[in-house]
Amino acid sequence: MRLSPAVVLPALAVVLAALVLYPFVGTGYGVRAMLQIFMWIALAGSWNLISGLTGYVSFGHVAFFGAGAYTGAILVASAGWSWPVAALAGGIAAALLALLIGYPCLRLKGPYFAIAMLGLNEVLRALVSYFEGLTGGGNGLSLPTLDATRAIYYVMGVLAVAVTAMTYAIITSRFGLRLMTIREDEIAAEAMGIDTFHHKLAAFLLSAVGPGIAGALTARDQGYIEPLSVFPLAITVTMIVMVLFGGKGTVWGPVLGAAALFVIQEIVWARYPYVHPLLFGAIIVAVVLLMPRGVLGLLQLKYRLPRTI
Amino acid sequence: MSVVVTPEMIGQVVISGILSGALYAMVALGLALIFGVMRVINIAHGPLLMLGAYVTFFLYSRTGMNPFLTVPLAMAALFVVGVLLQRTLVFRVVDAPELSSLLLTFGISIALVNVAQNLFTSDLRAVEYITGSWSVGGVALSKPRFIAFVFALAVTGAAFLFLKTTRLGKAIRATSQSREVALVCGIDVGRIHMLTFGLASALAAGGGALLAVIVAIQPEMGGVWTFKSFLVIVLGGAGNYPGALLGGLLLGLVEQLASLFLTTQLSEVVAYVLLVLVLLVRPTGLLGGRQT
């Protein structure tokens with residue numbers, strides 16, 4: 001069986017239309033759950049750009065989520081910006097942070113980048129706690145009350161679609177081919193004349209914007225943030241597990257992984273919160289060793305789908 | 001913020017820096033060994049250190065054993081754990097792309113921390129065996145830190161002696177220089193890999209055991225040690241084993257110096273900025289990179 005655009009595009013249109021209409025018929029819990037799935041699709045898709053596509057593992061992607069959350073929250077609470085503009089500012093702040101980290105670390109090949117990202121969320125958490133005047137420190141930061149769940153649902157949905165569409169555009173472009181060449185063999189990529197540093201940096205900046213916006217939207221939605229709630233390692237771990245489980249380096253892998261893991265998490269694992277990280281650790285180990293191409297890899301094999309979509 | 005710096009304060013900084021630097025060097029030597037021999041960055045290095053700390057805590061609190069005597073036991077226990085990890089999981093990704101080994105050891109790391117949280121609870125635990133300090137010329141010398149320093153020096157020295165003089169140590173260094181040539185010379189590279197991972201885990205465990213005597217421990221203590229060990233390696237030059245010693249001392253000194261001017265809340269920020277600066281200015285490390 002082959003999936004042709006004549007089948008895929010109408011199916012996609014139906015799904016999107018259903019998602020647009022959902023807030024008018026769904027329950028409060030259902031809308032909130034979909035909102036979460038959108039957020040995870042945006043986060044997982046973003047992580048996939050730098051780590052799945054380019055091969056540079058980011059162990060601290062939650063730092064961009066948190067940076068966006070604090071930027072957005074401060075702009076809304078102290079400067080009185082409207083939240084959609086503040087969310088965009090959150091994305092820009094995250095990209096600036098990525099530039100600051102990526103510039104020294106991505107010039108080098110190898111594990112330097114991964115380790116630098118490993119410490120980044122802890123560092124930001126310490127900084128946010130330290131500069132109490134601006135961030136409220138450990139007491140957190142409250143935003144003025146506003147019921148905008150439905151609006152945030154749509155904006156988060158657009159973000160998820162945008163990240164996925166961007167991934168598609170990148171993967172099917174020469175830029176994406178160059179990124180994948182860097183992943184497969186960086187020295188060969190250099191020998192072919194690819195400016196590896198700037199390509200890696202561009203992929204990294206693009207991968208930071210989505211989490212930044214998602215962080216600012218989440219801050220607005222929840223109305224209260226604190227250092228512990230927006231910089232937990234668990235968010236990075238969940239992104240990684242979703243992408244690996246779905247299939248790294250593909251367009252639909254992160255979408256599939258985010259939706260599947262979120263549902264499983266809600267139904268099954270919510271009952272066993274104490275062993276949650278253990279399960280995630282086990283999934284990472286199992287996927288790396290047993291099915292490095294994820295669930296989508298298995299489907300691609302079975303249905304002869306294109307290998308990168 | 002203005003701080004009046006007296007000669008005693010400088011002396012205090014140097015002493016404290018050297019004391020903690022020896023611990024950094026010992027733990028980082030383990031990470032450097034695995035990286036040198038297998039080209040794998042072991043993200044689970046810090047959590048292995050945490051397990052070592054708990055071995056000491058439980059031996060001390062259950063049997064009342066002298067905590068410094070538990071150091072070899074913690075090292076032996078984690079040597080076995082390390083060999084088993086290499087034997088069952090890590091050996092499969094030694095030749096795989098870096099992405100695989102980073103993700104695999106990351107998965108192991110969060111699993112180990114979670115197991116510790118469930119088995120040992122997240123409570124802070126402390127081994128209160130020796131407290132207080134000696135006063136040497138106006139400079140306070142913490143007793144547990146000083147004894148831990150002596151132990152760390154002894155263990156690190158023994159590890160260097162092992163690498164330098166014994167046949168097995170030579171085999172490890174040979175494998176780290178060129179795996180292919182080592183194979184041709186009849187070295188069982190798979191066995192060397194297991195031994196290296198065991199040895200590295202033992203070094204981490206030794207650091208954890210000594211740390212348990214100095215500070216309160218908890219399951220999440222390890223993460224920052226993976227990071228700092230890597231920083232020490234970068235400072236010394238990747239694949240350069242004596243460099244780890246210099247890097248450890250340097251990190252200890254810089255951290256203590258920074259604590260003069262900044263709150264300890266920001267000590268991790270200092271280490272992080274140091275890493276980024278070194279990567280920016282001299283990514284091959286202060287002593288130069290891998291000797292080939």
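Biologist: Which residues have the most contacts inside the largest nonpolar core?

Modeller: In this predicted model, they are A:Met156 and B:Ala205, and the core itself has 197 residues.

Biologist: Which helix gives the most to this core?

Modeller: Helix H1 of chain B, residues 7–38, contributes 16 residues to the core.

Biologist: What does B:Ala205 touch, leaving out residues up to four places away in sequence?

Modeller: Its partners include B:Leu48, B:Leu49, B:Leu51, B:Gly52 and B:Val55. B:Ala74, B:Met75, B:Ala77 and B:Leu78 are also among them.

Biologist: Turning to the contact between the chains, how many residues does each chain give?

Modeller: Chain A gives 32 residues and chain B gives 34 residues.

Biologist: And where does the largest share of chain B's side come from?

Modeller: From H4(B), with 15 residues. Helices H4 (98–120), H9 (223–236) and H11 (267–281) of chain B each supply at least two residues of that side.

Biologist: What is the make-up of that side by class?

Modeller: The side of chain B that touches chain A has 25 nonpolar, six polar and three charged residues.

Biologist: How do H5(A) and H11(B) cross?

Modeller: The axis of H5(A), residues 112–130, comes within 9 Å of the axis of H11(B), and the two cross at roughly 145°. The crossing is left-handed.

Biologist: Which residues make that contact?

Modeller: On H5(A), they include A:Tyr112, A:Ala116, A:Gly119 and A:Glu122. On H11(B), B:Glu268, B:Val269, B:Tyr272 and B:Leu275 are among them.

Biologist: How many of the residues in this contact are nonpolar, polar and charged?

Modeller: The contact of H5(A) with H11(B) has 10 nonpolar residues, one polar and two charged.

Note on methods:
Residues are numbered from 1 along each chain as its sequence is written. Chains are lettered from A and ligands numbered from 1 in the order in which they are written. This is a predicted model: local features need pLDDT of at least 70, side-chain atom pairs count only at pLDDT 80 or more; totals for chains, interfaces and linings use all residues. Two residues are in contact if their C-beta atoms, placed from the backbone, lie within 7 Å. Helices (H or I, at least four residues) and strands (E, at least two) are DSSP runs, numbered from the N terminus. Ala, Val, Leu, Ile, Met, Phe, Trp, Tyr, Cys and Pro count as nonpolar, Asp, Glu, Lys and Arg as charged, and the others, Gly among them, as polar. Axes are lines fitted to C-alpha atoms, for helices over the stretch in contact, and angles run from 0 to 180 degrees between N-to-C directions. A crossing is left-handed if the near helix is turned anticlockwise from the far one by less than a right angle, and right-handed if clockwise. A nonpolar core is a set of buried Ala, Val, Leu, Ile, Met, Phe, Trp, Tyr and Cys residues joined through C-beta atoms within 7 Å. A residue is buried if 20 or more other C-beta atoms lie within 10 Å of its own, exposed if 12 or fewer, and partly exposed in between; C-beta atoms are placed from the backbone.
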